[in-house]
Amino acid sequence: MKVLLWLSAVACLLVAGTEAASNLVCYYDSSSYVREGLGKLLNPDLEIALQFCTHLVYGYAGLRADNYQAHSLNENLDIYKHQYSEVTSLKRKYPHLKVLLSVGGDHDIDVEHPNKYIELLEGEKVRQVGFIQSAFALVKNYGFDGLDLAYQFPRNKPRKVHGDVGSAWKSIKKLFTGDFIVDPQSALHKEQFTAFVRDVKDSLRPDGLLLSLTVLPNVNSTWYFDIPALNGLVDFVNLAAFDFLTPARNPEEADFTGPIYNPESKDRLAHYNADFQVNYWLQQGFPSSKLNLGVSTYGNAWKLTADSGLEGVPVVPHTDGAAKEGSQSQKPGLLSYAEICGKLSNPQNQYLKGNDAPLRRVTDPTKRFGTYAFRPVDGAVTDGIWVSYDDPDGASNKAAYARVKNLGGVALFDLSYDDFRGQCTGDKYPILRAVKYRL
Ligand SMILES: *[C@@H]1O[C@H](CO)[C@@H](O)[C@H](O)[C@H]1NC(C)=O
């Protein structure tokens with residue numbers, strides 16, 4: 001009997017051990033519901049993903065600038081058309097699934113109040129109580145399992161090139177590489193954020209609700225996250241370790257946007273890669289099992305000029321900002337995986353010339369940096385494009401990395417930019433599947 005008990009205890013431990021890299025946190029951007037055309041993701045499409053996801057993060061709620069309360073950014077959809085309830089009720093069919101409501105992200109854009117997230121921290125306690133009560137009410141009333149804070153902190157300054165100024169500038173380029181102080185009060189804001197998260201957690205704890213953090217791209221963790229203190233407060237952290245370079249931030253040069261490791265070269269910043277970000281959290285004592293590596297399902301696309309050259313090897317110089325928006329993504333400089341796949345060589349486009357010619361894909365046999373595809377400006381091609389992205393293989397490499405590092409798993413940003421219709425090879429959600437398979 002004792003032996004049996006002991007054996008089952010060992011078996012439990014083994015099961016718990018293999019559970020380390022098992023989280024697959026799927027972000028669902030509900031604004032995809034109101035996109036036009038093939039980018040529109042409806043609930044039957046969403047459902048197909050749920051067999052693979054352990055968590056669904058419903059994005060995004062926002063912060064009201066007048067009273068700092070949490071609110072739906074699309075009440076018509078979320079509340080009057082019952083999308084909050086429709087999505088949380090999918091848990092009945094997928095009982096393993098936890099659904100969290102996310103506040104912030106890059107979706108709560110408010111040009112008149114760009115600092116409202118900082119103002120919430122700086123305000124009197126009553127302001128934070130108002131936020132906490134309103135966020136709790138959304139979570140509770142609509143059946144969410146918890147809250148995700150995709151908190152908007154000031155972003156680090158982009159790395160800049162001044163190639164045309166000459167090499168004298170280049171040698172002191174460090175001055176231009178993000179060592180700027182973007183927030184002289186960051187130490188204070190870090191302290192305030194920890195206290196705020198503690199209060200949020202206190203409101204959720206009695207109901208057993210989850211709390212997670214999303215670290216947004218280009219938010220410097222050193223400045224804003226008191227990692228040892230947060231460890232006791234949050235259930236997990238999703239590190240959005242991509243968008244290190246984007247056409248909006250880095251219009252004049254294109255590079256890998258979410259490499260796992262730093263491609264060795266003096267022109268690159270040590271912290272613009274997933275490994276650096278992950279190691280930072282781990283070095284600060286955050287448990288690896290609570291850390292999920294963020295992987296994007298879209299690519300960042302730059303417009304090439306004649307001066308960008310024909311080779312396409314990053315760092316690509318003399319780019320001209322964002323490439324044209326995709327018909328599905330509807331955002332300049334951003335192409336969903338389905339859109340990128342459609343631009344690669346296939347039986348329909350392989351003989352097309354000029355601006356309709358397929359992009360040339362360059363994979364990464366080292367599995368360290370990711371894939372890119374491009375079409376240089378040359379002869380009849382005036383519409384040059386260079387795009388960095390993770391295809392299913394690249395995403396799978398990141399899942400493998402998460403396993404090697406014993407991370408909790410992977411967080412996918414987001415379902416609506418994966419090929420949810422199976423336009424590429426017939427498989428729906430190929431990136432999601434590749435990650436799931438590898439975890
Ligand atoms: C934060 O920025 C500093 C430069 O100001 C950099 O040295 C550090 O590595 C960054 N930390 C992270 C976690 O990115």
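**Cavities and buried residues**

Modeller: In this predicted model, the second largest cavity has a volume of about 50 Å³.

Colleague: What makes this space a cavity?

Modeller: The term is used for a set of points where a 1.4 Å probe fits but cannot get out, and a search of the whole structure finds three such cavities of 30 Å³ or more. The second largest cavity is lined by residues including Arg159, Asp255, Arg268 and Tyr272, and its lining divides into six nonpolar, one polar and three charged residues.

Colleague: Which residues lie nearest the centre of the largest cavity?

Modeller: They are Thr257, Gly258, Ser388, Tyr389 and Asp390, out of a lining of 14 residues, around a volume of about 70 Å³.

Colleague: Why is Lys398 called buried?

Modeller: The term needs a relative accessible area under 20%, and Lys398 has 2%, so Lys398 counts as buried. Lys398 belongs to helix 13, and beyond its neighbours within four places in sequence it is in contact with Gly258, Ile260, Leu293, Val295 and Asp390.

Colleague: How do you know that the side chains of Lys398 and Asp390 make a polar contact?

Modeller: The limit for a pair of N or O atoms is 3.5 Å, and these side chains make their contact at 2.6 Å, so the pair falls within that limit.

Colleague: Why is helix 11 described as largely enclosed?

Modeller: Seven of its 10 residues are buried, so the rest of the structure largely encloses helix 11. Its buried residues, among them Tyr280 and Trp281, pack against elements including strand 6, helix 9 and helix 13.

Conventions: Residues numbered from 1 in each chain as written. Predicted model: local features only at pLDDT ≥ 70, side-chain atom pairs only at ≥ 80, totals over all residues. Heavy atoms only, no water. Buried < 20%, exposed > 50% of the residue type's maximum accessible area, 1.4 Å probe, protein only. Helix = DSSP H or I, 4+ residues; strand = E, 2+ residues; numbered from the N terminus. Contact = heavy atoms within 4.5 Å. Polar contact = N/O pair within 3.5 Å; in protein donor to acceptor, adjacent residues only side chain to side chain. 1 Å grid on protein atoms, 1.4 Å probe; cavity = no way out; pocket = protein on both sides within 12 Å on 5 of 7 lines; lining within 4 Å. Points joined across faces, edges and corners; volume = space filled by probe spheres on them. Nonpolar A, V, L, I, M, F, W, Y, C, P; charged D, E, K, R; others polar.
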